[in-house]
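Here is a brief report on charge pairing and ligand contacts. Please keep the structure open while reading.

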Amino acid sequence: MSSAGRVLVTEGELQARVSQLGARITSDYHGRPLLLVGVLKGAFVFMSDLARAIDLPVDLDFMSVSSFGESTRSSGIVRIVMDLETDIRDRHVLLVEDIVDSDLKMTYLLELLRSRGPASMEVCALLARADSDQSQIGYTGFVIGDEFVIGYGLDAAERHRDLRSIHVFEPRTRSH
Ligand code: IMP
Ligand code: MG
């Protein structure tokens, strides 16, 4: 058994922050056609809200990667489960991530995507851990501590992605 614990970021706070990020991206990318690349599955909710908060024509694409296992720790060994459809050469790419934890996954993806010759490459992360290297993140939603969080796209073993707020995950070890 497990359940969603206390709310860390409310639905209202998420909406307000996504609007701010959308406004910043809108002004930064004025005149530069933007391609949003969402990393599935964690970024799917954030990506759909962010795309609608950007007041520019945007193209969307997704990729799906898995860092081995369903554990709560990323190994940094990333397997491409589904690659982009879009040729990103000479495109202005904004990589949309759920959470930057150790930053191994983001670093791997940036290296991979940069090797394909985009015109520019930035990262927009919904969440970043306070102790992670944030130097590669252009746009950050919220900086959080070391709590494991769920909701607004983020999962614990594939559960709870549909929660409207971000909660701290509280595993219950008692068997039933
Ligand atoms: P990194 O390579 O350590 O930065 O791992 C980032 C990935 O780990 C994220 O894209 C998530 O899939 C997963 N992850 C890390 N922390 C959390 C969390 O608190 N909740 C849900 N997934 C997390
Ligand atoms: Mg996960």
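**Salt bridges**

The model is predicted. Across the whole structure, a search finds eleven salt bridges. Side chains of opposite charge can pair when their charged atoms come close.

| Pair | N to O distance |
|---|---|
| Glu11 and Arg164 | 3.2 Å |
| Arg52 and Asp49 | 2.8 Å |
| Arg161 and Glu158 | 2.8 Å |

Start with Glu11 and Arg164, whose side chains meet in a salt bridge. How accessible are the two partners? Glu11 is partly exposed, at 29% relative accessible area. Arg164 is exposed, at 61%.

Asp49 is partly exposed, with a value of 26%.

Arg161 and Glu158 form another salt bridge. Here the arginine, Arg161, is buried, with a relative accessible area of 13%, because buried means under 20%. Glu158 is partly exposed, at 38%. The pair belongs to a network: salt bridges with shared partners join Lys41, Asp155, Glu158 and Arg161.

**Ligand 1**

Which residues come nearest to ligand 1? Of the 15 residues around the ligand, these are Asp98, Asp101, Ser102, Lys105 and Val149.

Several contacts involve oxygen atoms of ligand 1. One such oxygen is 2.5 Å from an N or O atom in the side chain of Ser102. For Asp101, a polar backbone atom lies 2.8 Å from a ligand oxygen. For Leu104, a polar backbone atom lies 3.4 Å from a ligand oxygen. On its own, ligand 1 has 490 Å² of accessible area, and the protein covers 90% of it.

Where does the shell come from? Both β5 (92–100) and α3 (104–114) supply at least two residues each. The largest share, three residues, comes from β5. By class, the shell holds seven charged, six nonpolar and two polar residues.

Note on methods:
Residues are numbered from 1 along each chain as its sequence is written. Chains are lettered from A and ligands numbered from 1 in the order in which they are written. This is a predicted model: local features need pLDDT of at least 70, side-chain atom pairs count only at pLDDT 80 or more; totals for chains, interfaces and linings use all residues. Side-chain values use heavy atoms; hydrogens and water are left out. A salt bridge is a side-chain nitrogen of Lys or Arg within 4 Å of a carboxyl oxygen of Asp or Glu. Buried means under 20% relative accessible area, exposed over 50%, partly exposed in between (1.4 Å probe, protein chains only). A residue is near a molecule or strand if one of its heavy atoms lies within 4 Å of it. A polar contact is a pair of N or O atoms within 3.5 Å; within protein, one must be able to donate a hydrogen and the other to accept it, and residues adjacent in sequence count only if both atoms are side-chain atoms. Accessible areas come from the Shrake-Rupley method with a 1.4 Å probe; for residues, only the protein chains shown count as cover. Helices (H or I, at least four residues) and strands (E, at least two) are DSSP runs, numbered from the N terminus. Ala, Val, Leu, Ile, Met, Phe, Trp, Tyr, Cys and Pro count as nonpolar, Asp, Glu, Lys and Arg as charged, and the others, Gly among them, as polar.
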